[in-house]
Structure formats: structure tokens, C-alpha cells
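Subject: Structure for you, with notes

Hello,

Here is the structure I promised. Please open it alongside these notes.

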Protein chains: 2
Amino acid sequence: MALAEAILVCLTDRPMSGYDLAKTFDASIGFFWRASHQQVYRELARLRDKDLVESREIEQSGRPNRIIHTITKAGEDVVHAWSLKPCRMPSVKDELLVKLYALDNVDIPVLHEQLDIRLDQHRAKLTAYLRIKEKFYDGKKLTRAQKGKLIALTMGISNEREMVGALGKAITMLGEINE
Amino acid sequence: MALAEAILVCLTDRPMSGYDLAKTFDASIGFFWRASHQQVYRELARLRDKDLVESREIEQSGRPNRIIHTITKAGEDVVHAWSLKPCRMPSVKDELLVKLYALDNVDIPVLHEQLDIRLDQHRAKLTAYLRIKEKFYDGKKLTRAQKGKLIALTMGISNEREMVGALGKAITMLGEINE
DNA sequence: AACCTATATGCACATAATTGCATAATAAAA
DNA sequence: TTTTATTATGCAATTATGTGCATATAGGTT
């Protein structure tokens, strides 16, 4: 249910359209909570029904009107209440690890490729995170809100770096099996 | 959809009851793909409908009869076909990181506690994984299937170790904000 | 005596997520 | 000239996941 809260959190920063939010979920906050644009629009409708956001339409010509969503007082209260509730452990669901676990029932050269692909994906993420850190955080005077985002980003970086290392090791171990 | 495949993979090892599978999902394969016993029973019914497993009942007295599920040839084919399909990136959804991201809208002492709790959870996981590695893999002669499980476990260990380190660092960074 | 754990199965309801579809205009690139 | 990307919204159907409930017995603990 924390998609609602993630959206509300974004709106505490500034009022946004569904489109803006969807983009935000493809970048910044999406590093920690992934959601598609369809999910965002659906959740926005629910938030509006519960009066946690207020929506007003901005006329545009040539394309659909923008609908700008603003968090309400009730919405802010929901965010605060959520911040007090314990966090769940993110549920582990990784097909790649299941395939390693099931090594005897799996095509090993294909698995090798899949590990390489995953390694590239984590390398790409790491590069993206490092670029953001350098561009927006390094050597800058930061507000408290920015410091929070930096802590989250730092965890992301550490995570991706570890995955790159661990996948490299896994690929080596897998290679040694066939010798 | 890989719950179906995860179950089938377990059944390639040996025929099992739903209860056995549920226990397996609380331990070994559950480290990489989490599922509750309700999910397992429901998925087993679906696998039976598709003739990917064969189920036979074993009479017992005093408690419900055991239903032993055996993977069929069609089931093995499904596992093999699955092994050739590309793996998805596990979808990131971590409330704790969202709370850090939203630092300005969050109760900081409570967040501090939540980070401590998460740190303990990862420490506990790390300890459990290390114990399993020591007990079942270290200094033993391993089959290929076991080597696969060891690679997956090694990645799990590396992951947990990194999380413990990163959370420690995050807690320090959070502490420095309030100074 | 009351409670907890293990064994063993599963339904029903609710919430969440994915996938495909649908619309509609502009501007730039191939 | 056709295709693709960008802006902008959203529904419908399906699949997946989570939560609570329900049953039933044996054996050990407080």
C-alpha cells in the first residue's frame, strides 16, 4: 500500500500532474519504489476519492489537459502516520537466484548469458546513481531533505556495487563448474 | 509467475507434499523466492490442473492425509523452457528507503529505530546463511546441483553483509544530520 | 487446565501489480 | 513521407500476493 504514500511524499515537494509523477517514478523515487504510469494514475484517482490530494485541471490545446494534484492537510497527516508505522522487509523474489538454485534443471550456457545481462544492468544502475550523486550532491551545501535523499542514494550505490561484485564472483564460480 | 517454476524446481529434487513445500519456502528456496503456505497450496492446485504435477493421497490417521506431488514430464519441460527465458530484474520496493527519501516528512527518531530494526534483521539473515554454508557446504565434496545452491547462497551472504554495512553507514549519516 | 507447536490441508476476500489497449496532437528524425 | 518520441490521460482484464479464517489431532510446556 505504500505506493499511495510514495506519491504523497512526492507531492509534499511540489504539486504535480500524473505525468510528472510517472516520470518521477521512472527516476528518483523509482530507485526505491517502482511503479508504472498506469499504477500512478489509478492510485491518484483513489487519493482524490479519499481527499488526500486536490486536483485541478489546466487547459491546454493540442493535447490532453494537465491535471495538477496538490497534497491536502489530510494527505500530510497520512504521510506522518505512515512514517510512524514499522517498515516491512522487502520481499525477495529473484528468478536468477532461483535458476542458480536449480542448476541441474537449467541450461547452463543460457544462465551464463543471463548472469552477464544482469551484471550489465547493475553496472548501468551504478553508473547512473554515481552520476546523480556527483551532479546533485557532491561538494554542495545540502538541506535536510536533500541529505535524506543522499542517504538513500548512498545505500543504492552500495547495493549496486555489491551486486556487481557478487555477480562477477558468481560468474567465475559457474565457470569453474564446467572445468 | 515464477512461483510455479520454483515449486516445480523443488519437485525435481523429490516428490513432496504441500506441507513439505511450504517448509522449503520458509527456508532454502525461500531465501530467493518468498511464498506463504496458502500461495503454495493454491499454486499446486493450478499445477495439477495443468498436469504439470501428479498428486496422490497417502492415508493417515489422526491428521489430514498427506498429498504427495510428483513432477510430470510436461512439468519438466516447463522448467526447461523457463530456464531459457530472460530473467526479470527483481522489482525494488523498500519502504525504508522511501522514508529516507522523504526525510523532511518523517519522524526522525522513529526512523532511527526502524533502521536499527532493519539492521538486526539483516544481521540475523547473515548469521543464518553463514550457518547453513558452514554446515552443508564448507569442506564438503559437492555435486553440481549443490554447487549451484552454494553460488546462490554466496550471493545471499554477500548481499546481507553489504546491507549490514550500508545500514550502519546510513545510521551514522542520519545521526550526523541532527548535530 | 490452558496454551503452544507440529502436522496437514485449503477457501474466501481483499489488495496490488502487470499487460494490453485506447486516445490525440506536435515536432523531430530517418 | 513515414515513423518515432514526447506530452497527457486513463480503462479493462488478468495475474499475483497477502490476510484472515477454518478444520483436526497429538504431544509437550507452563
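R144(B) is partly exposed, at 38% relative accessibility. This is a predicted model, so everything below is computed from predicted coordinates. The side chain of R144(B) meets that of D104(A) in a salt bridge, 3.0 Å from N to O. D104(A) sits in the loop between α5 and α6 of chain A, while R144(B) belongs to helix α7 (residues 144-177) of chain B, so the pair joins two chains. D104(A) is partly exposed too, with a relative accessible area of 40%. Between chain B and chain A the count is 2 salt bridges. Over all chains it comes to 16.

Two other pairs are worth a look.

K73(A) and D77(A) form a salt bridge at 2.8 Å, N to O. Both are in helix α4 (residues 73-84) of chain A. They are 4 residues apart, about one turn of the helix. K73(A) is exposed, with a relative accessible area of 56%. D77(A), at 41%, is partly exposed.

K133(B) pairs with D138(B). Their closest N and O atoms are 3.4 Å apart. K133(B) has a relative accessible area of 25%, which makes it partly exposed. D138(B) is partly exposed as well, at 37%.

Now the interface. The size of an interface is often quoted as the accessible area lost when the parts come together. Here chain B and chain A bury about 6,800 Å² between them. Of that, 68% is on carbon and sulfur atoms. Of the interface residues of chain B, 100% are also interface residues in chain A, so the copies meet through the same surface.

Next, the symmetry. Two copies of a chain are related by a rotation about an axis and a shift along it.

Last, helix α4 of chain B. This helix covers residues 73-84, so 12 residues in total. From first C-alpha to last, α4(B) reaches 17 Å. That is close to the 16 Å expected at 1.5 Å a residue. Which residues of α4(B) are buried? They are G75(B), V79(B), W82(B) and S83(B). These cover an arc of only 100° around the axis, which puts them on the same side of α4(B). What do they pack against? From chain A, the partners are α5 (95-101) and α6 (108-136). From chain B, they are α1 (2-13) and β3 (66-71).

Best wishes

Terms used:
Residues are numbered from 1 along each chain as its sequence is written. Chains are lettered from A and ligands numbered from 1 in the order in which they are written. This is a predicted model: local features need pLDDT of at least 70, side-chain atom pairs count only at pLDDT 80 or more; totals for chains, interfaces and linings use all residues. Side-chain values use heavy atoms; hydrogens and water are left out. The expected span of a helix is 1.5 Å times one less than its number of residues. Buried means under 20% relative accessible area, exposed over 50%, partly exposed in between (1.4 Å probe, protein chains only). The arc is that of the directions from the helix axis to the C-beta atoms. Contact means heavy atoms within 4.5 Å. A salt bridge is a side-chain nitrogen of Lys or Arg within 4 Å of a carboxyl oxygen of Asp or Glu. Buried area is the accessible area (1.4 Å probe) that two parts lose on being put together, summed over both.
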